[in-house]
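Work through the exercises below with the model open. Each task is followed by a stepwise solution.

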Amino acid sequence: MKGSGAYFCTASVVSSPGRDLVLSAAHCLIGSDTRQIAFVPQYTLANPRPYGMFPVLRDSAGRSKIWIASRYRTEGASKAATLDVAFAQVGPDADGEEAEDVVGGNRLVTGATFNHPKVVLIGHPAPAPRPRVCVNKTTKFTSTDPASPGSFLRIDCTGYPGGTSGGPFITRFDEDTATGDVVGVIGGWETGGPTADTSYSAYFGAEVRKLYQSAVAGVRAE
């Protein structure tokens with residue numbers, strides 16, 4: 001994602017009827033700095049905009065078209081860590097094409113297991129010239145901290161510091177289309193984890209499915 005001239009966090013396209021939704025972490029997109037941001041797929045230092053930019057749209061009141069669970073907004077990143085998920089509607093690129101038509105989209109999967117034997121984790125560290133890609137299994141992690149309760153997906157992948165938040169957890173990854181089933185995003189417990197070598201995700205359950213449906217309905221209502 002790009003905002004105010006700087007690159008921050010990671011996002012991915014999630015399949016939707018409008019072909020214009022991206023998925024990231026709520027802690028990346030909450031706040032006033034989300035008013036002027038864009039999705040820049042497959043950014044690298046050598047080729048900063050290989051597929052152009054897709055601006056996050058705003059409504060008639062100037063609010064970004066971003067869907068974050070209301071409980072996350074009211075309770076905050078620690079207490080509502082299990083809802084650290086956000087969807088955003090992006091506009092077409094300079095050629096008038098929608099994001100999903102240009103780079104494809106991952107299928108949102110909810111209600112799956114915590115324990116996936118093979119997950120592709122993608123994230124772009126803030127200072128790195130290109131995204132990091134790691135393949136490993138996920139396990140279930142249950143927090144014992146009463147200030148940040150809940151169960152989360154956990155994956156061990158080295159070198160995922162700031163900037164990788166919002167990066168997708170993808171199962172059934174297809175090398176040809178570079179898409180698969182998205183079952184998580186870097187975030188959740190400790191907004192993704194206190195170290196760069198272990199990452200976490202909110203569990204994609206009924207509340208995340210409802211949030212996605214709200215985003216789809218909001219786009220259709222325009």
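**Exercise 1. The cavity**

Find the volume of the largest cavity, then describe its lining.

*Solution.* The largest cavity has a volume of about 30 Å³. This is a predicted model. Next, count: the structure holds 1 cavity of 30 Å³ or more. Now list the lining. Val-109, Thr-110, Gly-111, Ala-112, Thr-113 and His-116 belong to it. Leu-153, Val-183, Tyr-203 and Phe-204 also line the cavity. Finally, sort the lining by class. It divides into 6 nonpolar and 4 polar residues, with no charged ones.

**Exercise 2. The disulfide of Cys-9**

Identify the partner of Cys-9, then work out the hand of the bond.

*Solution.* Start with the sulfur atoms. Cys-9 is joined to Cys-28 by a disulfide, S to S 2.1 Å. The torsion about this S-S bond is about -85 degrees, so the disulfide is left-handed. Then place both ends. Cys-9 sits in the loop between strand 2 (6–7) and strand 3 (12–14). Cys-28 lies in helix 1 (residues 26–29). Last, check burial against the cut-off of under 20% relative accessible area. Cys-9 has 15%, so Cys-9 is buried. Cys-28 has 5%, so Cys-28 is buried too.

**Exercise 3. The disulfide of Cys-134**

Which residue pairs with Cys-134, and where in the chain do the two cysteines lie?

*Solution.* Cys-134 forms a disulfide with Cys-157, their sulfur atoms 2.0 Å apart. Cys-134 is in strand 11 (residues 132–136). Cys-157 is in the loop between strand 13 (151–156) and strand 14 (168–174). They are 23 residues apart, and this pair links distant parts of the chain. The S-S torsion of Cys-134 and Cys-157 is about -80 degrees, so the bond is left-handed. Both Cys-134 and Cys-157 are buried.

To finish, write the pairing. The whole structure has 2 disulfides. With the bonded cysteines numbered in sequence order, the pattern is 1-2, 3-4.

**Exercise 4. The whole chain**

Compare the radius of gyration of the chain with that of a compact globule.

*Solution.* Take the length: 222 residues. A compact globule of that length would have a radius of gyration near 17 Å. The chain has 16 Å, which agrees. Then the burial: buried residues make up 48% of the chain. Then the contacts: of those between residues at least 6 apart in sequence, 64% join residues at least 24 apart. The secondary structure comes to 4 helices and 16 strands.

Key
Residues are numbered from 1 along each chain as its sequence is written. This is a predicted model: local features need pLDDT of at least 70, side-chain atom pairs count only at pLDDT 80 or more; totals for chains, interfaces and linings use all residues. Side-chain values use heavy atoms; hydrogens and water are left out. On a 1 Å grid over the protein atoms alone, a cavity is a set of points where a 1.4 Å probe fits but cannot get out, and a pocket is an open set with protein on both sides within 12 Å along at least five of seven lines; lining residues have an atom within 4 Å of a point. Grid points are joined across faces, edges and corners, and a volume is the space filled by probe spheres set on the points. Ala, Val, Leu, Ile, Met, Phe, Trp, Tyr, Cys and Pro count as nonpolar, Asp, Glu, Lys and Arg as charged, and the others, Gly among them, as polar. A disulfide is a pair of cysteine sulfur atoms within 2.5 Å. Buried means under 20% relative accessible area, exposed over 50%, partly exposed in between (1.4 Å probe, protein chains only). The radius of gyration is taken over C-alpha atoms; the globule rule is 2.2 Å times the number of residues to the power 0.38. Contact means heavy atoms within 4.5 Å.
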